[in-house]
Amino acid sequence: MKLLMRDEAKGKEHTIFAALMVMLVIMVMLMASAIGVSGVTLRLDENAVDILDKQVENRARYIETQLQQAQDLTELSSFINDTARQMLDEGTISLDTLDSTGGESLPLLEAAAPRLLKALRAKQVSGVFLILNTHDFTDRTSGDRLPCVYLRDLDPEAASSADNSDVMFERAPAELVQAFGITTDKAWTPAQQYLEGEEDAFYVRPFQAAYESGEQTGAAADYGRWTTLPYTLLGDDREAIAYAQPLILDDGTVYGVLGIEMLESYMDTKLPWDELQNDNHGSYLLASTTSDLRGEELQIHVTANTGEQTAALQKEGWELTLHRAKGYWHYPSGGANQVASIRQISLYNRNAPFSGERRLLIGVVGRNDLFRFSQSVTNLVSFAILLTLGFGLGCAFFVSIGLAQPVAQLSKELADAQERHQAVPEFSRTGIRELDRLADAIVTLSTDNYKAAVAERSRIEHERDYDALTGLYSRQAFFRVCGELFEKPRMMRCAALMMTDLDNLKTINDTYGHDWGDIYLRKTAHSLQQGVPGGTVVARLSGDEFLLLFYGYETKEAVRKDIRKLEEGFARSSATLPDGKKLCIRMSGGVAWYPDDAADLDTLKRYADFAMYEVKHSTKGEVREFNMEHYRDGIYAMKQRSDFEILVRERQVDYYFQPIFSARDGHVAAYEALMRPRLPALSSPQRVMELASEMGRLYDIEKLTLFRACECYEALEAAGKVEPDALVFVNSIASVSLNDEDWAHFRAAHKAILSKLVVEITEEEEMDEQALERKRNATGAPAVFALDDYGSGYSNGSSLLTIAPRYVKVDIAIIRGIDADPDKQQFLKALIDYARPRGVQVLAEGVETMDDLRRVLEMGVDLLQGYCLARPAAEPLAIHEKAVRVIEEAARQRDA
């Protein structure tokens with residue numbers, strides 16, 4: 001006995017310990033939630049971004065100053081223009097031959113060369129160039145040579161050499177090279193060669209922009225342009241960026257290009273990427289874009305870069321797409337997310353031809369590197385929470401030991417009373433007030449209450465397990481009983497699953513009414529029970545479908561014999577109709593064998609269903625065994641696809657309408673159109689959608705739904721079957737929109753309904769924002785959207801922001817059982833709090849019980865829809881009286 005008590009005490013100790021642990025976990029969760037709500041890590045991340053922004057801003061100001069000073073060529077340009085004008089007046093040079101390489105341009109190049117060298121020294125750039133041209137580049141041919149002086153200094157910041165030994169000619173006539181005594185570089189040529197495809201070359205675009213302006217030509221600096229991509233001179237492998245502006249005489253004649261160059265290696269010294277992070281992580285990008293910096297996406301071309309991103313940029317072809325989120329720009333690279341800080345560099349006048357090419361300095365740091373401190377803080381907090389949890393665990397253990405013994409004593413005495421079948425148990429005092437009160441409450445329980453509970457449970461189990469109309473097993477009971485049998489192969493031995501479908505039920509229902517159809521179903525059930533051996537499991541699956549499991553046979557032939565007896569019994573059975581005629585009970589059936597066809601119930605049912613539908617679509621009125629070869633040939637699947645084509649081509653769908661009621665007074669606010677296919681093999685709208693997706697026919701279903709639903713609704717409206725002021729919700733696929741022609745046809749055909757139409761976005765496919773935008777504007781006025789199934793699948797907070805709906809339909813999975821689920825209530829409350837100030841109405845969809853109805857009314861939803869109010873029907877039904885009373889009671893409580 002003492003050993004038993006010790007075991008019981010140990011069990012209660014575990015229970016109490018578990019309860020204390022739950023409380024401890026809740027406390028820890030509240031602690032973690034408080035830390036999360038405080039946003040400590042978020043603010044740390046924001047500080048990291050701010051520091052990065054400030055660093056990039058400072059560097060951008062420095063680069064902007066350097067580039068503006070470098071591109072200021074006013075003095076040099078004026079000197080060359082004055083010299084050219086003087087030589088033209090004196091006849092030393094001629095505009096007709098200035099851009100030839102026969103020596104005609106040499107006087108001007110010789111006069112300009114010293115000033116070019118002086119500018120190279122003064123501006124601390126790596127290169128300076130002068131290229132002469134007086135003709136339209138579009139008329140140039142590949143290989144044309146242009147007079148040019150191109151000087152380069154590989155180390156601009158080093159002290160200048162008195163003999164110019166640190167300077168090299170990249171391009172210059174031989175006579176000029178000899179006269180100046182400056183060495184030539186490895187890729188030196190006497191002239192700049194124009195090649196085919198160089199329409200975007202560093203010297204072509206500025207010249208061409210000024211040349212094509214004609215008499216409208218303005219100041220030369222207005223046509224200045226920095227290259228958007230690095231370039232190399234022919235025969236050289238050193239990349240550079242350049243600024244070039246046209247040379248324009250006072251009469252508007254454009255006769256060449258003047259500019260400066262900065263080697264990529266030199267730009268690297270101007271962009272010290274290691275300053276971005278203390279641990280030397282990051283990159284600087286000098287880039288250009290034509291995108292709007294206020295948008296959410298930015299396309300950039302990288303002109304120069306330093307740091308860790310070089311290899312990744314080469315892989316991307318020096319082009320990147322940046323996205324804005326959480327207040328900062330980012331892009332993926334090398335499997336990691338990169339955070340980018342962007343600052344615009346002002347280099348052009350506002351209305352200059354190239355002002356649309358915005359220059360940017362971008363500082364890039366890996367997200368993990370940038371936010372490493374906040375991650376460390378998070379890890380530290382997590383450790384503290386775990387430490388708290390461990391300490392609480394020890395405390396809970398010792399407390400549970402102190403409470404376990406009295407609980408074990410009470411439990412043992414109750415168990416002893418149950419063993420003795422004692423009607424009123426007797427308990428000793430534990431000294432704990434709550435336990436003693438519990439013992440007193442148990443003693444007061446009466447035997448009558450116990451018997452009443454047993455009787456109620458038996459009634460519920462019977463209603464659960466048996467079909468109310470036929471008295472046969474229900475679907476759930478059939479699968480439960482068969483599942484137990486399938487776990488006992490020795491008991492199953494040779495077995496067959498038979499699925500049947502009545503051939504005449506629809507005719508009886510349509511001709512004599514559903515009451516006579518019910519009589520026909522009960523007669524069928526009676527024939528099934530009388531025609532099969534004892535022990536056969538018989539159930540009504542749904543409607544006019546039945547399932548039978550024959551089991552425990554030695555051979556298939558024995559099963560076939562009993563099935564033939566069943567068929568013969570049906571042939572002799574008949575039902576007397578209201579007009580006195582007798583109608584034979586006729587069924588079509590399919591049989592699948594255990595274990596030959598399959599050893600599990602789901603597969604056998606699928607095979608029997610396939611065999612039955614083979615009969616239904618051929619001879620009818622017979623039972624056919626499953627044929628695996630037919631099944632593998634996909635007859636059933638092909639039939640479904642064939643029926644899908646018929647459904648689309650012949651518009652074989654009707655629409656039922658389920659009312660949507662106002663939560664304030666219960667009036668009909670709208671109706672939802674629900675698809676009802678007419679074809680037996682495609683009775684499920686869900687299957688129709690699956691086939692449409694598989695066959696690439698979502699557009700056809702979108703068009704069919706929109707037109708057919710509106711046709712059915714307008715017919716009801718003309719017959720006075722719907723409320724005149726009610727809206728109509730029509731389901732629409734999120735990723736599909738009609739083309740302009742079909743939208744125009746729809747507006748013309750259903751003009752009267754456009755003002756009532758609510759486009760209900762369903763998300764069988766992932767959302768297409770372009771398709772949503774077309775729908776929003778296609779009806780001639782901004783469309784009213786409803787977001788369906790909110791709280792499940794694709795329908796989430798992101799969808800709510802993207803769609804901007806007028807109505808949000810809360811998914812049935814949230815509404816079902818909401819009366820007893822605080823989490824679901826919290827979800828709905830959060831949605832209502834978000835929606836109400838924004839003018840969005842919340843619709844509770846799938847309200848199936850009065851308890852759920854009361855709860856959603858109490859929480860303040862705007863609209864109601866569900867079976868406990870009104871089911872879908874070809875002609876919409878009125879609201880259920882019980883639901884009306886619940887809504888009225890809620891209104892009285894609200895107004896009190």
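Predicted model: local features only at pLDDT ≥ 70, side-chain atom pairs only at ≥ 80, totals over all residues.
Trainee: Why is Ala495 called buried?

Mentor: Buried means under 20% relative accessible area. Ala495 has 0% relative accessibility, so Ala495 counts as buried. This residue lies in strand 15 (residues 494–502), and Ala495 touches Phe550, Tyr551, Ala592, Trp593 and Tyr594, not counting residues up to four places away in sequence.

Trainee: Thanks! What makes helix 23 roughly parallel to helix 24?

Mentor: Helix 23 (residues 740–749) and helix 24 (residues 769–778) pack at an angle of about 30°. Angles under 35 degrees count as roughly parallel, so that is the label for helix 23 and helix 24. Their axes are 11 Å apart, and the contact is made by Asp740, Trp743 and Arg747 of helix 23 together with Arg774, Lys775 and Ala778 of helix 24.

Trainee: How do you know that the buried residues of helix 29 line one face?

Mentor: Start with the buried residues: Ala883, Val886, Ile887, Ala890 and Ala891. Seen down the axis of helix 29, they fall within an arc of 140°, so they line one face of the helix. As background, an α-helix has 3.6 residues a turn, so residues three or four places apart point the same way.

Trainee: What do the buried residues of helix 29 pack against, and which exposed residues does the face turned away carry?

Mentor: They pack against strand 22 (653–662), helix 28 (850–859) and strand 29 (863–865). The face turned away from the buried side of helix 29 carries Glu881, Arg892, Gln893 and Asp895, which are exposed.

Notes. Residues numbered from 1 in each chain as written. Heavy atoms only, no water. Buried < 20%, exposed > 50% of the residue type's maximum accessible area, 1.4 Å probe, protein only. Helix = DSSP H or I, 4+ residues; strand = E, 2+ residues; numbered from the N terminus. Arc of directions from axis to C-beta. Contact = heavy atoms within 4.5 Å. Axes fitted to C-alpha atoms, helices over the stretch in contact; angles between N-to-C directions. Parallel < 35°, antiparallel > 145°, perpendicular 65-115°, else oblique.
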